[in-house]
Amino acid sequence: MNFIRFTDLCAQGKVSGQRVCIRADLNGSQNANGNIAEGARISASMDCFQLVLDLGVAVIVTSHLGGLADSLAQIAKRRSDFSSSSV
């Protein structure tokens with residue numbers, strides 16, 4: 001069975017000038033203060049985010065963290081631990 005990978009579409013120039021929505025599983029365990037305790041999922045997603053940004057693609061990232069009222073602010077804060085780039 002053949003699969004079309006997102007990186008293949010990028011290499012073929014099919015995403016240039018497009019808007020891309022990435023649904024990423026960024027949630028992780030939280031400590032008692034509500035901070036993300038481990039960021040393995042966030043770290044694993046960074047290459048994909050950087051790939052599309054380097055191509056000049058407009059990116060929307062969606063994810064979840066806990067219940068409906070929980071904010072993704074802790075994910076954004078933890079993400080900054082992995083890179084100082086514009087991701």
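Trainee: Does aspartate 25 count as buried, exposed or partly exposed, and what is its relative accessibility?

Mentor: This is a predicted model, in which local features need pLDDT of at least 70 and side-chain atom pairs pLDDT 80 or more, while totals for chains, interfaces and linings use all residues. Residues are numbered from 1 along each chain as its sequence is written, and side-chain values use heavy atoms, leaving out hydrogens and water. Buried means under 20% relative accessible area, exposed over 50%, and partly exposed in between, with a 1.4 Å probe and protein chains only. Aspartate 25 therefore counts as partly exposed, its relative accessibility being 38%.

Trainee: Which side chain meets that of aspartate 25 in a salt bridge?

Mentor: A salt bridge is a side-chain nitrogen of Lys or Arg within 4 Å of a carboxyl oxygen of Asp or Glu. By this rule the count comes to one salt bridge. At 3.2 Å, N to O, the partner of aspartate 25 is arginine 41.

Trainee: How many residues apart in sequence are the parts that this pair ties together?

Mentor: Helices (H or I, at least four residues) and strands (E, at least two) are DSSP runs, numbered from the N terminus. Aspartate 25 lies in the loop between β1 and α2, whereas arginine 41 lies in helix α2, so the pair ties together parts whose separation in sequence is 16 residues.

Trainee: What pattern does the protein chain follow along the sequence?

Mentor: The protein chain has three helices and two strands. Read along the sequence, their pattern is α-β-α-β-α.

Trainee: Which residues does valine 57 contact, leaving aside its neighbours within four places in sequence?

Mentor: Contact means heavy atoms within 4.5 Å. With those neighbours left aside, valine 57 is in contact with Val15, Ser16, Gln18, Val20 and Val52.

Trainee: How far apart in space are alanine 11 and leucine 55, C-alpha to C-alpha?

Mentor: Alanine 11 lies in helix α1 (residues 6-11) and is exposed, with a relative accessible area of 69%. Alanine 11 and leucine 55 are 44 residues apart in sequence, and their C-alpha to C-alpha distance is 9.8 Å.
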